[in-house]
Amino acid sequence: MSEDWNKSSWRALPRVQMPDWPDKDQLDWAEYRLRKSPPLVFAGEVRRLKRQLGEVSEGRAFLLQGGDCAESFAEYSADTIRDTFSVLLQMAVVLTFSAKCSVVKIGRMAGQFAKPRSAPTEIRNGTELPSYRGDIINDLEFTAESRIPDANRMLRAYSQSAATINLLRAFSQGGYADIHRVHAWTLEFTRSSEIRKYDALAERITDALDFMEAAGMNSEKISTLKKVDFYTSHEALLLEFEEALCRVDSLTGDSVAGSGHLIWIGDRTRQPDGAHVEFCRGVVNPLGIKCGPSLTPEDLKVLLQRLNPDNEAGRITLIARFGRGKVADYLPKLIRAVSDEGAKVVWACDPMHGNTVKTDNGYKTRRFGSILGEVKEFFQIHSAEGSYPGGVHFEMTGKDVTECTGGVSAVSDENLGDRYHTACDPRLNSTQALELAFLVAEELQTLR
């Protein structure tokens, strides 16, 4: 950490995509309450994740990151958390088997409440109001009162995040994540749904687990077969919230973002001299950087130097998001910039944000074919450039929503409205997410 950094130094720099709080006393009180609250994550967990991401950067592991576009207060329930966690575990088992390496599992959960927006206001039926910026800031309801930023929402977001991460810790360490149980869910899924065409790979995983059982390598004897490391992540957009939960590690003296294990800087907030980069450079957490079409190789080099001057493995994950058919226009020159710098990074593909379209009936959606197409382009370009495609980053849910079209579940434009529940952007449903894992697994098999 630089000597000129402190957890409040971002306040002196330009800030974007953040609200103007109308009630200063309310904001002060919310920040005070958060400063007095326990952190959501702890320094030892952060260090462990960084070590595991370091393995990904060296090509010895693979990253799976997924979860909600934006968590909401209305959709919050233990069942929703469980279902998303379960699908991520199923995806991870499929990827582990195919990649023949460990899979680092990170949820977009327990803190993914704030959202950047393309415009500060929106217009409906001639009425213009401030944009919805996530439940941590204002409300989705289209009324003038609901769209006023309310700092007390940070306290509710903290409470929900704390309960979510508590449940995730119980699921991941208490036996629920036993690999045999997780694979049994996948088998049931492939045999009883349209995803049946992937049953052959599922059966191969069954054979491998049966062999391990016969050889005495079962979950009763090997604890790692019945529990997993599972981490949380979110975009570090609302810096008052991030600062209030920043803590000093008593063992090392390092500053840790206590809001989540990994935090990322969005495509709209990665200005090298801006507030978000300033805050993130001083905390020791693994950091993600969203890399869209506007990111130049020169800017990327500046960001890498500013955010990871010691070139620490596992510190930086570059999350590429360009859109199908555009990856070749942008990704190769960024890969070469990283190579020129000798930078240790994890390359991950976010095939969601560059593939959002609006249908004739007014719904934002993403086409399954476009999502898969961008993933394939990502793998192909890394192969051509001699670098390692280290991970994937999906917006998805364990619920049976109809928000993205296509895949074996055959969601069409006409039935998007059946179960369109997202508070912001469209998510893959459980069937689409698991199908995508099988298809990514096919790509991974070519690397081994």
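Predicted model: local features only at pLDDT ≥ 70, side-chain atom pairs only at ≥ 80, totals over all residues.

Eight strands close into a barrel, in the order β1-β2-β5-β8-β9-β10-β11-β14, and their pairing is parallel. From one strand to the next, the twist averages 25 degrees.

Let us step in at β10. This strand covers residues 316–320 and runs parallel to β11, residues 346–349, with four bridges joining the two. Within that pairing, Leu318 stands opposite Trp347 in β11. Helix α11, residues 368–385, packs on the sheet, where it touches β1 (61–67), β10, β11 and β14 (391–395). The direction of α11 makes about 150 degrees with that of β11. Another helix, α9 (residues 297–307), lies across β8 (262–265), β9 (287–291) and β10, and runs at about 150 degrees to β10.

On one side, β11 and β14 run parallel and are joined by two bridges; here Cys349 has Val392 of β14 as its bridge partner. β14 also pairs with β1, again in the parallel sense, over five bridges, and Gly66 stands opposite Phe394 in β14.

How well covered is β14? Five of its five residues are buried. In a regular strand, side chains alternate between the two faces of the sheet. In β14, Gly391, His393 and Glu395 lie on one side, with Val392 and Phe394 on the other, and all are buried. Both faces of β14 are therefore covered, since buried means under 20% relative accessible area.

One more residue deserves a visit. Asp350 is found in the loop between β11 and β12 (356–358). Is Asp350 buried or exposed? Asp350 counts as buried because its relative accessibility is 0%. The side chain of Asp350 makes a polar contact of 3.1 Å with the side chain of Lys290. Leaving aside neighbours within four places in sequence, the residues in contact with Asp350 are Lys290, Ile319, Ala320, Arg321, Glu374 and His393.

Definitions and conventions:
Residues numbered from 1 in each chain as written. Heavy atoms only, no water. Pairing = 2+ DSSP bridges. Axes fitted to C-alpha atoms, helices over the stretch in contact; angles between N-to-C directions. Contact = heavy atoms within 4.5 Å. Buried < 20%, exposed > 50% of the residue type's maximum accessible area, 1.4 Å probe, protein only. Polar contact = N/O pair within 3.5 Å; in protein donor to acceptor, adjacent residues only side chain to side chain.
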